[in-house]
Every structure is written in structure tokens, then in C-alpha cells.
Amino acid sequence: MATQTPVTAILDKTPASPPRRLLFQVLHDWLTTLDHKKIGLMYIVYALIFLVIGGLEAVLMRIQLAIPNNHFVSPETFNRLFTMHGTTMVFFVGMPILFGFGNYLIPLMIGARDMAFPRLNAFSFWISAFGGTLLYFSYVGGSGLYGAGSAPDVGWFAYAPLTAHVFSPGHSTDYWTLAVLLSGVGTVGTAVNIVATTLCMRCPGMKLSRMPLLVWLYLITSFMVFVTISPLTAAQIMLMLDRYVGSHFFDTQAGGSAVLWMHFFWIFGHPEVYILVLPAFAFANEIIPVFSRKAIFGYPAMAAASVCIGFISLSVWAHHMFTVGMGPGANTFFTLSTMIISVPTGIKIFNWLATLWGGKIQFTTAMLFAIGFLFQFLIAGLTGIMLSVSPFNWQLSASYFVIAHFHYVLVGAILFMIFSAFYYWYPKITGRMLNERLGKWHFWLFLIGFHLTFDFMHIPGLLGMPRRVYTYEADRGWMMWNMIVSSGAIVQTAGTLLFVFNMVRSYFKGAIAGADPWDAWTLEWSTTSPPPEYNFAVTPSVASRRPLWDLKHPEDPDGNYE
Amino acid sequence: MSETAVIPHSPTEVWKLPSRGIVAMACLILAESAIFIIFVVAYVFYIGKSVSGPTPREVLELPIFSSICLLSSSLTVHFAVSALHDSKRGMCSLWLGLTVLLGGIFLAATAREWYQLIYHDGLTIKTNLFGTTYYSLVGLHATHVVVGLFMLSLALLFSLRGGLTSNHTERLEVLSLYWHFVDAVWIVVFLVVYVLGR
């Protein structure tokens with residue numbers, strides 16, 4: 001054993017309650033901040049606002065589809081609703097909320113003072129925020145001088161040639177293009193920052209093989225951002241050139257190709273799913289071991305499987321295009337590559353199960369959501385394998401079966417882990433615990449709502465209900481299923497409202513958390529809750545993957561087993 | 001919970017991490033490469049698919065001289081970094097100046113080529129698929145040259161005012177990495193547009 005240097009981890013001598021400041025001072029503080037924790041929080045709050053907006057759009061669509069021949073909203077509005085819902089949820093909820101947690105947690109977990117480039121960090125946030133605002137400004141400014149349409153209505157993957165100027169006059173599509181482009185710039189900026197932070201800012205002893213798996217997964221996610229968001233940026237530049245200066249990239253009359261846009265979009269679009277799900281895996285990697293009271297099973301296998309997912313996910317994009325007619329060669333390749341990606345994903349699921357196995361499981365709300373995630377992600381993966389078989393896909397492509405499949409991933413896996421992360425890290429961020437009783441209500445309500453909506457959504461898909469239909473005839477046999485799906489949406493909304501109430505109430509009345517309420521092992525729990533602006537009074541140094549375990553059990557340090 | 005953290009730590013081990021500037025530039029280059037790859041793919045995909053003229057064979061000429069200028073500017077910027085590393089500040093300014101000059105010549109040659117194409121051959125971005133892909137790919141590269149030249153000129157300005165010392169070697173190195181990338185992309189663009197596409 002090397003020499004032991006006593007280091008005081010909690011040496012915050014600042015007064016407990018600084019004098020109350022004026023509203024403008026507080027506002028100025030947040031607007032000009034370069035602190036990774038504040039920027040992370042702004043990302044999260046901004047994403048939550050858009051989550052509410054995107055969720056409302058979903059509820060409106062479900063009301064419209066609940067009964068046949070319904071005219072609750074107009075067809076034009078319906079087109080805008082599904083476009084805005086998809087774009088919002090992917091670019092302005094999923095990405096910012098995950099980057100928000102990354103921003104907040106990564107420097108704390110690797111024992112750093114801040115991100116590598118604090119100014120770039122603030123820039124990335126504000127440019128993304130501007131993108132989201134621009135997207136919604138289209139409701140006001142989209143009609144512009146033309147008086148044609150308001151919000152974008154071309155669908156979230158905006159297939160050519162629908163986006164050409166002749167078919168989408170006015171400015172609504174331009175708002176979509178610019179908003180997505182700006183969010184892409186912000187995303188790449190944050191990804192650069194995360195890679196530079198993880199590689200260059202680790203505290204002494206924090207080798208790559210000792211980094212918390214959350215940091216590992218964010219590192220991989222960020223590398224994926226470079227190679228997947230950039231193609232989207234390139235495609236958006238081409239689309240803007242087509243729309244503004246009359247070039248012919250996707251103009252079929254001049255020999256351009258609409259299929260090229262599909263390829264470019266899905267080269268981004270499919271890895272994007274993994275960019276969203278890897279941070280969810282990252283949360284699971286931290287939360288499941290803590291509440292199983294065991295170290296994660298198979299740390300190297302987990303990191304390696306994530307790298308595998310990163311690489312394989314770059315070669316599966318055209319499984320979104322089986323119905324285009326790519327020929328047997330391409331169909332076979334993309335079927336097989338899509339199936340292969342389930343291998344590293346399966347490794348992860350087995351490792352989580354092995355972590356649970358024999359552990360003293362504590363069923364906190366965070367753990368309940370994590371266990372829900374495990375089951376639901378498995379089912380989502382199974383329908384994914386079904387859809388990867390190209391003949392099966394020819395039948396069900398662009399049906400509600402596909403919608404049910406990817407919402408199972410996005411809601412059942414990613415959103416469940418995001419909720420879990422909120423229950424787990426809320427005490428660190430605010431210094432107060434979330435109410436467990438309300439949390440359990442939130443979990444069960446949301447679980448029931450989720451399964452009502454998305455289990456039953458598979459069935460109208462199998463019965464032939466296409467996605468994006470405005471309404472349907474009563475004799476199709478889809479009515480009962482749609483009714484169940486829509487009522488599930490109401491239950492989910494109730495659960496989410498309970499969650500929002502819990503967050504607000506606990507901020508003022510929650511039990512005081514203390515530095516380490518979960519008896520956890522990673523560095524963020526060694527500093528106060530909320531952490532001071534400088535994170536750590538003394539730069540920590542670590543000797544194993546679980547520095548706080550070493551601290552609490554000096555007689556049996558983790559390093560002996562690694 | 002204990003108030004004092006006793007964290008095991010071996011002082012003999014030297015803790016060395018990579019430079020964040022270089023890591024960040026490498027990441028940026030990775031992201032930019034992905035953008036260029038998409039434009040190159042679009043270019044290659046549309047070779048010979050234009051429904052009307054002019055074709056590349058009719059109007060494009062090999063820009064040998066300007067390519068040599070741009071590629072040799074990679075060498076000069078490297079010499080500038082080495083000179084700064086050895087605290088030869090005068091030499092550094094000289095090499096930086098030469099880099100800016102060579103980059104400027106390249107840009108001027110591109111401008112002349114475009115002028116020729118637009119006013120004499122009647123090829124604009126609207127004309128056909130060749131025009132669309134040619135102007136966007138070469139224009140994207142030229143945009144990167146402009147950004148690089150701006151940054152290099154700033155460095156030159158600092159160097160002439162005596163503000164650039166050997167402490168700044170790493171920063172200049174980061175900038176030179178970007179410039180090497182811009183030059184490397186030109187090799188690809190040259191091969192695709194002027195050799196493969198003609």
C-alpha cells in the first residue's frame with residue numbers, strides 16, 4: 001500500500017447562508033455563468049420545458065386519434081404536431097437533458113474543477129437554446145411574407161422532395177433546417193468539451209481504467225456525435241443551398257436524388273438513437289450497482305461493449321430504408337448488421353443482471369425506474385430484432401408497430417432512466433431528497449400509463465394502421481386499441497405532473513440530503529450537496545474505481561480486486 | 001460519515017495528461033472530416049449525372065500552381081511552430097507571413113477560377129448537378145481556407161507586435177494542426193474534382 005495522505009474532502013468554510021441577492025443579480029449570474037454545474041442545470045431545465053411542450057403535442061395527437069373520424073384538430077395542425085413533437089423530443093429534449101447531466105456530473109466524477117473549455121460550454125448551451133427558440137418562433141414567424149403555413153410540417157426526417165421550395169413554400173421548413181443546424185453546432189461543441197475534459201482533466205490516479213462507467217459512456221457518445229451529427233449538418237447545408245440559392249442536390253427534375261437525402265439523414269438518424277440511449281445506459285451503470293450494494297459486474301466488458309455499439313451503430317442506418325428497394329445485397333447487409341448490434345447490447349443486459357444477482361437490492365424510486373428500464377429495454381430490443389428482418393419490415397415499415405417499437409426505446413428505456421437519474425442525483429444537485437412516497441406513486445402511475453400506451457400501440461400497427469394518419473374509418477377495427485393507447489397517455493401525463501410537483505415541493509420542503517445520502521462510491525458524493533463552485537476544496541486523488549469505498553473501508557480497498 | 005477523506009495516493013507516480021487544445025482540435029478535425037466526407041460522397045455520387053452542360057471536362061483545368069502553393073504552406077506553418085519553439089521570434093514571423101501569402105495565392109487562384117467559370121463558361125450553382133456539387137465542395141473548402149487565413153493573420157499580427165513567445169508554441173501548434181487538415185482536405189478535393197471527376 002502506498003503512503004496515505006490525509007485530505008479533507010469537505011472543507012467548505014464559506015458561510016452557510018450568504019446574504020440574499022436581488023433578482024437581477026441572480027439572473028445576471030445565470031446568464032453569464034461559465035460554471036459547468038449551472039450550465040448543466042440550464043440544459044436540464046431547458047430540456048424539461050421542451051419536454052412539457054413536446055408531451056402536450058403528443059397528448060393533442062392522442063386526443064385526435066382516440067376515436068375514428070375525429071376532427072379535434074385540423075389536418076394541417078396535425079402535420080405540424082407530429083413534426084414538432086419528433087423534432088422537439090430528439091433535438092431539444094433528449095440531447096440537452098443528457099448533455100445537461102453529463103455537464104453536471106463528468107467534472108465531479110473525475111475530480112476536476114470544471115470542464116476543459118468553460119466558455120465553449122456556455123456558447124454550446126446558448127446556441128442550442130437559440131435553436132429551440134427559433135423552432136418554436138416558426139409558429140409566429142413561419143408564415144412570413146408568404147402567408148403559407150406556420151410551423152414545419154414535413155415530418156421529423158423531412159424527406160425530399162417534400163422539403164423543396166415548390167412543395168413547402170414559405171419559411172416553415174427553413175426554421176426547421178436552421179433550428180436543427182444550430183442545435184447540431186451546440187452538440188458538437190459540447191461533445192468536444194466532454195472529450196477534452198475526460199481525456200485531459202482527470203484527477204491524479206484516475207486512469208481510463210478507473211473512470212466511472214458513466215464517464216466512459218459519455219466519452220463514447222461524444223465521439224459518436226462527431227461522426228453522426230456532422231453528416232446531418234452537411235445535409236442541412238445542402239438543403240439550405242437547395243432552398244435558398246437554387247442548387248439541385250435533392251431536386252429530382254435536375255437529376256438529383258431523393259434517396260440520397262434518406263441516406264444522409266439516416267446516417268445521422270440511427271446512430272443518434274445510440275447517442276440518446278448510451279447516456280441512459282450510463283445512468284444505469286451508476287445507479288444499479290449502488291442500490292444492489294455491489295460493484296458493477298464486468299467493468300471492462302461494459303466499456304468494450306459500449307465501444308462496440310458505437311462502431312456497429314455506424315453501419316446499420318439503411319434498415320430505415322428497406323422499403324425503398326435497395327436490392328438484396330444491401331438488404332442482407334443491413335439486416336445482419338442490425339442483428340449483430342444486439343450482441344453487445346445483450347452483454348450489457350446480462351452484466352446488469354449479474355450486478356443485481358446476489359446483491360442486497362434496495363427498492364428506492366431510482367432503482368424501481370432502473371429495473372423498469374431493464375425489462376422495457378429488453379422488449380424494445382426484441383421488437384427491434386423483428387423489424388431488422390427485411391421481409392417483416394416490408395410489412396410493417398411506417399406502421400404504428402414501428403412507432404410503438406421506438407417509443408419503447410425512447411420512453412421505456414431512455415425516459416425511465418432519466419427519471420431514475422433525477423431521483424438519484426436530485427439530492428446532490430439541490431441538497432434535498434425527492435419525496436420517496438410521491439416518487440413511488442409517480443413510478444407506478446407512469447409504468448401503468450406507459451404499458452397501456454405502448455404495449456397496445458403494437459396491435460393497430462400489426463393490423464395495418466400507418467403512422468402519421470390524421471384520422472381513420474370506424475370499420476377498420478383500430479378503434480378500441482387507439483382508445484386504450486390514448487387513455488394510457490392521460491395516465492402518463494398524470495404521473496409526470498406528480499413528478500413535477502414532487503420536484504418543486506422537495507426543493508423547498510424535502511429532507512436535507514447531506515453529502516452522500518445513498519452511501520455511494522463515486523467522487524461526486526465526496527463533496528457537499530449542492531457542490532461548491534470550486535467542486536473540491538483539494539484536488540482528490542484516487543486508487544481504484546470506487547474511491548469512496550476505499551475511503552469508507554480502508555481495511556479492504558477496492559484496488560486489491562481490480 | 002467521516003468528515004475527513006483519506007484517499008490512498010502514491011506520490012512517486014507522475015500524473016501526465018494530454019494537452020486539451022490538441023485533443024479538442026483533433027475532435028474538431030474528426031467532426032469536420034465527417035462533413036467533408038458527406039460532400040465528397042455527394043460529389044462522387046453525382047459525377048456524370050448532370051442532365052445539361054457544361055461538363056467538368058469542358059471547363060475545369062488542373063490548378064497545379066495554386067495546389068503547390070497551398071500544400072507548401074503546410075511546411076511553412078510547421079517551420080513557424082518550430083521557430084517559435086526555439087524562441088526565434090523573427091523567423092516565426094517570417095514563416096507565418098509566408099504561410100499567409102501562400103494561402104492567399106491559393107484563394108486568389110480559386111477566385112479567378114470561379115470568375116472564369118461564372119462569366120465565361122456560364123456555370124453557376126444553379127446550372128446543373130456538376131455546378132451544384134462543385135461550388136459547394138470547393139466552396140466549403142475555400143471557407144475553411146478563409147477561416148484559417150484569418151487565424152494565421154491574427155497570429156502573424158501578434159508575432160509582429162512581439163506578443164508571441166515560446167510559451168505560446170502549443171497554441172500555434174493547435175492552429176497549425178487545423179491548417180494541415182485544410183491542406184489534407186485539398187488533396188482529397190483535388191483528386192475527386194480534378195482527377196476522378198474530369
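**Before starting**

Residues are numbered from 1 along each chain as its sequence is written, and chains are lettered from A and ligands numbered from 1 in the order in which they are written. Because the model is predicted, local features need pLDDT of at least 70 and side-chain atom pairs count only at pLDDT 80 or more, while totals for chains, interfaces and linings use all residues.

The predictor gives the complex an ipTM of 0.92 and a pTM of 0.93. Colour the model by pLDDT, the predictor's confidence in each residue, from 0 to 100. Chain A has a mean of 92, with 95% of its residues at 70 or more. Chain B also averages 92, and 93% of its residues score at least 70. Then select residues 1-6 of chain A, where pLDDT stays under 50. For this stretch the model has ten contacts beyond four places in sequence; two residues are in contact if their C-beta atoms, placed from the backbone, lie within 7 Å.

**Select chain A**

Chain A holds 16 helices and one strand. Helices (H or I, at least four residues) and strands (E, at least two) are DSSP runs, numbered from the N terminus. The C-alpha trace of chain A spans about 75 × 50 × 45 Å along its principal axes. Its radius of gyration is 24 Å, which agrees with the value near 24 Å for a compact globule of 562 residues. That radius is taken over C-alpha atoms, and the globule rule is 2.2 Å times the number of residues to the power 0.38.

Two packed helices are described by the angle between their axes and the distance between the axes. Axes are lines fitted to C-alpha atoms, for helices over the stretch in contact, and angles run from 0 to 180 degrees between N-to-C directions. Angles under 35 degrees count as roughly parallel, over 145 as roughly antiparallel, 65 to 115 as roughly perpendicular and the rest as oblique.

Select helix 2 (residues 36-66) and helix 4 (residues 118-141) of chain A: they pack at about 10°, with axes 10 Å apart. The pair is therefore roughly parallel. Residues of helix 2 in the contact include A:Tyr43, A:Tyr46 and A:Phe50, and those of helix 4 include A:Phe125 and A:Gly132. By class, this contact has nine nonpolar, three polar and no charged residues. Here Ala, Val, Leu, Ile, Met, Phe, Trp, Tyr, Cys and Pro count as nonpolar, Asp, Glu, Lys and Arg as charged, and the others, Gly among them, as polar.

Next, select helix 7 (residues 258-292) and helix 13 (residues 400-430) of chain A, whose axes come within 9 Å and cross at roughly 40°. That angle makes helix 7 oblique to helix 13. The crossing is left-handed, meaning that the near helix is turned anticlockwise from the far one by less than a right angle (right-handed if clockwise). Among the residues that meet are A:Leu276 and A:Phe283 in helix 7, with A:Met417 and A:Tyr424 in helix 13. The contact divides into 13 nonpolar, one polar and no charged residues.

Finally, select helix 8 (residues 299-312) and helix 10 (residues 342-356) of chain A. Their axes come within 8 Å and cross at roughly 155°, so the two helices are roughly antiparallel to each other. Helix 8 passes helix 10 in a left-handed crossing. The residues that meet include A:Met302 and A:Cys308 in helix 8, and A:Ile347 and A:Lys348 in helix 10. Seven residues of this contact are nonpolar, two polar and one charged.

**Backbone details**

Most residues other than glycine have a negative phi, and most peptide bonds are trans. Select A:Ala398, in the loop between helix 12 (390-396) and helix 13 of chain A; its phi is positive, near 60°. Then move to A:Pro530, in the loop between helix 15 (479-509) and helix 16 (547-552) of chain A. The peptide bond from A:Ser529 to A:Pro530 is cis, with omega near -10°.

**Select chain B**

Chain B comprises six helices and one strand, in the order β-α-α-α-α-α-α from the N terminus. Its C-alpha trace spans about 75 × 50 × 25 Å along the principal axes. The radius of gyration of chain B is 22 Å, whereas a compact globule of 198 residues would have one near 16 Å.

End at B:Pro54, in the loop between helix 1 (20-45) and helix 2 (56-59) of chain B. A cis peptide bond joins B:Gly53 and B:Pro54, with omega about -5°.
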